[in-house]
Structure formats: structure tokens, C-alpha cells
Amino acid sequence: MPVDVALLDLRLRRRAIVGYTLGIVAYVFVVVALYPAFQDETSLNDLTNGDPTIAALFGVTGSLTTPSGWLNANIYANFLPLVILVLTIGYAAACVAGQDEDGTLALVVTLPQHRRAILGQKIAALVLQALPVALATLLLVLVGRSFDLTLGTWPVVGATFGVLLLGIDFGLLALLTGALTGSRGAALGVTSAVAAASYLVSSLAPVTQWIHPLRVASLFYWSVGNDQLERGLSMGSAAVLTGVGVMLTVAAALAFDRLDVH
Amino acid sequence: MTPVVEVAGLTRHFGAHRGVVDLSFAIGSGEVFGFLGPNGAGKSTTIRLLLGLIRPTSGTARVFGLDPVQDAVAVHRRTGYLAGDLALYPRLTGRQHLERLGHARGVAVRHYRDELVERFGVELDRPVRVLSKGNRQKIGLVLAFMHRPDLLVLDEPTTGLDPLLQEEFGRLVRETVAEGRTVLLSSHELDEVQRLVDRLTILREGHVVVTDTVAGLRRAAPRTVSFRFTDDIDPGPFAALDGARLVAAADGQVTLALSGPVAPALRLAGELGAVDVTARPADLDELFLAYYRAEARPEVGHAR
């Protein structure tokens, strides 16, 4: 199985991967280490109780001082998805449409490899780029149980996996948009807009009645919007996130087959 | 024998924009074939069609008898490509390009690659972003040639190369075809084409204007002939000759561009008492420029 295209792209993204991983390690460590100082701070809960809509905008519902509330409010509902989405959408928009705009895509599509094999390697690189950030977060949160963050192992693993799938899905959407349009700007713009809308729908669904039914259309809901840190990632959520990924992969492969390469 | 490249009625539109229209030509094995034309003539579009980078709107292209889109892997395995606006990865060095892309091509034997690196003096250890256009072009040439492909597709290959390296490139092309391999190169440089190619297609505004050998084109090209007389004469009879165009007439000198036989002009000059005659060889530049000009399109038949 060819791997050179994946290795090439990972080499090109090395700095971003290392930088984002170090950044998330520092951030998550601080959040985890600060929990003991805030777990008895009841005034924090007044914030969410007093204006649940504003709190919901930041992806926060319920108590902020429980272990899951603390991690949701500071990591899982916003910061971790944001970092993973920046990584995956940024790479996915660059690896097909961006490289075509730069002219370097011709170097790889003239190799003796099927376009689908090339796209497969790019998707593998997409997944591998998101993994270090997700794994570092998972490890630090599990270590955080020494800081009174008493959460079950599997719910944390499931929630982290859900965010990883979320990032991959939006990365695949950027890949598809880039392969359809050949434009890095369109890939970034369309995917960022869909991700932002998806985030808002999932965040506001608990407090806004008319949005509530729409939550099932939001990938954030299936990933982090359904109390996954307490309940774990349900099979249904995992199936939705995986199914969307498979559909986007098929669509991206068809679009990449037909892409005019410069 | 199956031609290495065979194109019939090949057309590609880009929305409302013209790409290339109804191209037909064939390239035989061991041939150096040129695409010549001004910028925007459709040379790069044709090359992209031959490599399956884009799909045709209509018509067919065959490379090694295969469809470049459906059989892209087999075509690419036997082809080396240098893009006209070559882009490399700015942060990677030349060595990293050659290693990674060579490995992807399954280049196991590196001595030919290393020989090319030495011949062209390729800078291998600095990031591409700090290299000059010429040094980047050298890396592109090694990438195209290093796996000894049966077909080289080279779009403006000598861009940025100094004259010595252009000579070296010419030697490499001749060595390549001497081994029975085929070279397709596009250029807007008349000198380069005249020096290197056996046969060429001239493209203008997406259409094939003519396909012929350089010798064939030279035969059709106008020769410049000047006659000197002791006094001013009426140049009208010269202008009326078949295949003659009056270039200048002054101070007892008449200059003609002759694309037909020279005998009638010599006879007429003799009758008028010419005292001297000078003739320049066939001028391909003038022929090419005439083809390029939209308003002046010579009547030259298509070969193949």
C-alpha cells in the first residue's frame, strides 16, 4: 500500500502538528490542575443558572463545578473541537485545493498511483494529524483524576473519540468542497460556516425551543452536545459520526476523480 | 506500430472559455516532438489532457495506446512530466523531493538520478524556497528524467536555465531519443524548437495550425532574395510573380520574400539587367511569426 503521499503531507504539516499538540498539552494541564481550586466555587454555577443562553453560547450547560461540567466548559465543548477543527479543516483545504492552487498537486497526481489511493493517503494524514491533540488531551484528562476530576475512563475515551470523529468529518467536508471547487478559500469558508452553524445549533438547542429539534442535524450534538463526558459516546452517536465520514469520503473520492489539476 | 501518442479531434472547453479545439496529431516512438505557440495557445492544456490531469470535452487521446484518464496509473508509470509553471514544496530540499517522489515511483537504482544531479549541478541541500528559478527547474528536470520513462512530457523545459545548461539539456534529450524513448516538449522559443525537435505542431488560439517536420516547414518558409540594379526599376513584375512578396524596393535594390520556385525571379532579374543577387536561407522565424499572427495565416498543408 503506497504511503509516500501521506508521509509527504505529514512532513509538510510537522510544525503545525507539534505546535498544536504542545499548545493543547499546556492548556489542558492548566485546566486540569486548576480544578481543585474551583470545584467548591458555587458562584460559578450562578453564571449558568442566571443566564443559561449566554452560557449555552459557550457550549456550557448545567453545573460548572462538577468534573464533567468543568471539562465541558473549558475543553470538550469548545476549545478541543476548535483546535482539532483548525488542524483538520486547515489541512484538508490545503491538501487538495490548496496544493492545486500552489501547483504542487500535479507532482503527486502524475505518480503511478490511482487518484483514490492518493486521496486515501491524504485522509490517513488527516486522521494522523488530529490524533496527537486528541490523545494528549485524553491522557492529561485521565491523569487529572489525581486532581479530583473523577470521571469514568470510558466516557472520557468516548467523548475524546467523538471530538476526533467530529474533526475528521469536518476535515472531510473541507476535502470534498476543495475537490469540488478547486478553491482553498471555498473549502475553508464553506466548512467553517457549516461548523460554526453546527456548533451554535448544538449549543443553543438545550435553551432555545425552536432550535431543539434541529440538534440532530448538528455533528457537534452527536460529538459533544449530549453529555458524552458523563454517559460516554453512544453507539448511535458513533454510528452517525462514522456514517457521515464514510459518505463524505465517498463523495470526496468521486469529486477528486473528476478534479481538473493544474 | 502503435504511436506513443495519438490524438484525434481532442477538444476541451473551460466553461465559456476556449481551451483547445479539435486537435489531431500523432507522435512516434523515438521522436522529439514539439509544441510551439505563443502563450495561451493551448500547449499546456494539451499536455494536461495527455497526462489525464483534465478530461476532454470531446475527442480522444491515447498514450501508449491507453486512455490517460482511465489508465492513468499505467500511463504515469511510463511517463516523466515537467510542468510549465513548475511548483515544488517550498520547505523541502531538492534531496527530499527526489527521495520521496522517487520512492513513490519505485526508483530503486539511483545512479542515473545521481548522474543527472551531477550533470545539471542540482542544489540538493537547501530548501526550495531559497533557490533561484533555474535551480528549481533543474530539480524538476531530474524528477522528470530520473526513472528513465518511455515518454518525457516537458512543458517549457529550459525556462531559467543558462545557455550551458540549455546545451546540456539538448544533449540529454538526444541521448533519450537515441535509446528509443520519446520526448514531447512545448516551447515558445523558436531557437529551442529548431535545435531539438524532429517534428512539431504549431498551436494558435487552441487550434493546430500545422504539423510538420522542421525540414518540411523550412521548405515552405520564405527565402529572402535581393537583386541590385544600376538604376531604380519598377518592382511591379517581381510582385506579380507566384509565391513572391515584395519586401522592399529602393535605390536600385529589390528585396523579395520567395516561398515559390526561384527560377522565375532569376529570369526576370536577368531580363531587367540585375548586377548582383544575394539570398538568405529559409527563415523559419518569419514563418512562425506569420503563423502566430491572426491576420496572416500561411496556407501550409497539414502533415499527419
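Modeller: In this predicted model, two residues are in contact if their C-beta atoms, placed from the backbone, lie within 7 Å. Of the contacts in chain A with a separation of 6 or more, 73% join residues 24 or more positions apart.

Biologist: What is chain A made of, helices or strands?

Modeller: Chain A has 13 helices and zero strands. Its pattern along the sequence is therefore α-α-α-α-α-α-α-α-α-α-α-α-α.

Biologist: Why is chain A called as compact as a globular protein of its length?

Modeller: The globule rule gives 18 Å for 262 residues, and the radius of gyration of chain A is 19 Å, close to that value, so the chain counts as compact for its length. Along its principal axes, the C-alpha trace spans about 60 × 40 × 30 Å.

Biologist: What makes a residue of chain A count as buried, and how many percent do?

Modeller: The cut-off is 20 or more other C-beta atoms within 10 Å of the residue's own. In chain A, 51% of the 262 residues count as buried.

Biologist: What makes β5 and β9 of chain B edge strands?

Modeller: The open sheet has six strands in the order β5-β6-β7-β3-β8-β9 (chain B), with mixed pairing. β5 (79-82) and β9 (207-213) of chain B each pair on one side only, and they are the edge strands. From one strand to the next, the twist averages 15°.

Biologist: How do you know that β8 and β9 of chain B pair?

Modeller: Two strands pair if DSSP finds at least two bridges between them. Strand β8 (residues 199-204) of chain B and β9(B) have six bridges, so they pair, in the antiparallel sense. B:Leu203, for one, has B:Val208 in β9(B) as its bridge partner.

Biologist: Which helices of chain B touch or cross these strands?

Modeller: Helix α6 (residues 163-178) of chain B packs on the sheet and touches β3 (32-36), β6 (151-155) and β7 (182-187) of chain B. Its direction makes about 145° with that of β7(B). Helix α11 (residues 284-292) of chain B lies across β3, β8 and β9 of chain B, at about 35° to β8(B).

Biologist: Which residues of the largest nonpolar core touch the most other members?

Modeller: They are A:Ile84, A:Ala92, B:Val142 and B:Leu184, in a core of 155 residues. Helix α9 (residues 153-181) of chain A gives the most to this core, with 16 residues. Beyond its neighbours within four places in sequence, A:Ala92 has contacts that include A:Leu126, A:Gly171, A:Leu175 and A:Ala187. A second, separate core has nine residues, among them B:Phe227, B:Leu256, B:Leu258 and B:Ala265.

How values were computed
Residues numbered from 1 in each chain as written. Chains lettered and ligands numbered in written order. Predicted model: local features only at pLDDT ≥ 70, side-chain atom pairs only at ≥ 80, totals over all residues. Helix = DSSP H or I, 4+ residues; strand = E, 2+ residues; numbered from the N terminus. Rg over C-alpha atoms; globule rule 2.2 N^0.38 Å. Buried ≥ 20, exposed ≤ 12 C-beta atoms within 10 Å, placed from the backbone. Axes fitted to C-alpha atoms, helices over the stretch in contact; angles between N-to-C directions. Core = buried A, V, L, I, M, F, W, Y, C linked by C-beta atoms within 7 Å.
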